[in-house]
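Q: Could you take a close look at the place where the ligand sits and walk me through what surrounds it?

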Amino acid sequence: MSIRNDCLLKILRGNPSNRTPIWIMRQAGRYLPEYKKLRQKTGDFLQLCKTPELACKTTLMPIARFDLDAAIIFSDILVVPEAMGMPLKFEENKGPIFEKPIKTEKDFNNLQFPPLEENLAFTLKAIELTKLELNNSIPLIGFCGSPWTLACYMIEGGTSKNFEKIFRMMYDQPNLLLKILDKLTSILTEYLKLQLKYGADVLMIFDTWGGILPYPRYREFSLEFNQKIISSLNQLNIPNIFFSKGAFNHIDDIVKANPSCIGIDWMSSLENAQKIVGNKSAIQGNLDPSILLSEGTVVKEETKKMLDQVNAGTRYVVNLGHGITPDAKPKNVEILIETVRNYK
Ligand code: CP3
């Protein structure tokens, strides 16, 4: 079935579009009052992810409010390690916690290659439900974390400041870390293919922590594995988006990995990105998420400045340079979209 508003798919596939696509990373999250209300009623964030009807409902919240060109399924990157046998909880103001982080070879050997279609059935079911509800109006984005980014949480045990545990493993036991990354790569590839089977139209890899790697290690510990995943998706001709935060230094190599679209963070230059990427991939970004905390006039001005940088012919997707933050004003999202729609 073809999708009525397919401007995002066109841009990702390298076809012309007279509408510039816009969607927002983390668009279904905590800045929306209706989300906060549902979240309060449900109590636990993971429980929301694990109840397909509610995950579907949450996915659709920003779509009902705003004129967006894609939906992204409501889930989390950390449901994958949980499915592999690592108990996960989210604590208020602390974020995610793995009680038994991976420390040794033995911990690694205890990680399962789970039956994903069963263990992650809740997200797959949510995709299926959301596709029905969207009724081919706009595309649905499925996603996963990158192997490196998931390994950060699995080894650190949660959000980290200095990432000392994973760096120690990288220097002292590189083979153990490479084995973890390799296993994650197989599992994530299969998981993305399942999301496709259940109805996702576009697949995205969040390499949130790629940019913390020392320059000479980025390729070996992050990009190499992401490249494998991207190449599996390309073989199936599935449009994909790769976002590696803080990794602009490596954009030449990222282009060689050949994703349909490269996410650009707000610290990087959109102009330089266009020069380097050319037409080989689309680029997505890169408004500073903090602009959405500001006044409407600022949002309008900054959005225009960003659009002014985009050359005619660039395969371009409007987005923030990272996820929208909990204090963002919904009204500002509206102004951002309106500015994009009215831009000539
Ligand atoms: O984009 C969307 O609307 C889809 C939903 C989505 C969530 N997490 C929901 C969520 C997506 C795409 C993610 C990905 C994710 N999860 C990433 C990579 C994305 C990025 O921005 O780089 C990461 C690093 C995680 C792990 C994670 N999940 C952390 C560190 C936290 C706690 C900190 C935080 O931002 O709240 C979460 C929780 C989380 N994931 C929330 C939501 C809506 C907040 C939960 C709540 O308190 O209600």
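A: Happy to! In this predicted model, the ligand takes up the space of the largest pocket. Two elements each give two or more residues to the shell around the ligand: the helix α2 (33-42) and the strand β3 (95-98).

Let's go through that shell. There are 25 residues around the ligand, and those that come nearest are Arg 26, Tyr 35, Arg 39, Thr 208 and His 322.

From the side-chain side, a polar atom of His 322 lies 2.7 Å from an oxygen atom of the ligand. His 322 is also one of the residues that come nearest to the ligand. From the backbone side, a polar atom of Ala 28 is 2.9 Å from a ligand oxygen, and for a polar backbone atom of Gln 27 the distance to an oxygen atom of the ligand is 3.2 Å. As for how covered the ligand is, taken alone it exposes 880 Å², and the protein buries 90% of that.

One more feature involves the loop that leads from α1 (7-13) to α2. Asp 69 belongs to the loop between α4 (52-65) and β1 (71-72), so the pair links distant parts of the chain, 50 residues apart. Side chains of opposite charge can pair in this way when their charged atoms come close. Across the whole structure, a search finds 23 salt bridges.

Methods
Residues numbered from 1 in each chain as written. Predicted model: local features only at pLDDT ≥ 70, side-chain atom pairs only at ≥ 80, totals over all residues. Heavy atoms only, no water. Near = heavy atom within 4 Å. Polar contact = N/O pair within 3.5 Å; in protein donor to acceptor, adjacent residues only side chain to side chain. Areas by Shrake-Rupley, 256 points an atom, 1.4 Å probe, with all protein chains shown as cover. 1 Å grid on protein atoms, 1.4 Å probe; cavity = no way out; pocket = protein on both sides within 12 Å on 5 of 7 lines; lining within 4 Å. Sits in = over half its atoms within 2 Å of the grid points. Helix = DSSP H or I, 4+ residues; strand = E, 2+ residues; numbered from the N terminus. Salt bridge = Lys/Arg side-chain N within 4 Å of Asp/Glu carboxyl O.
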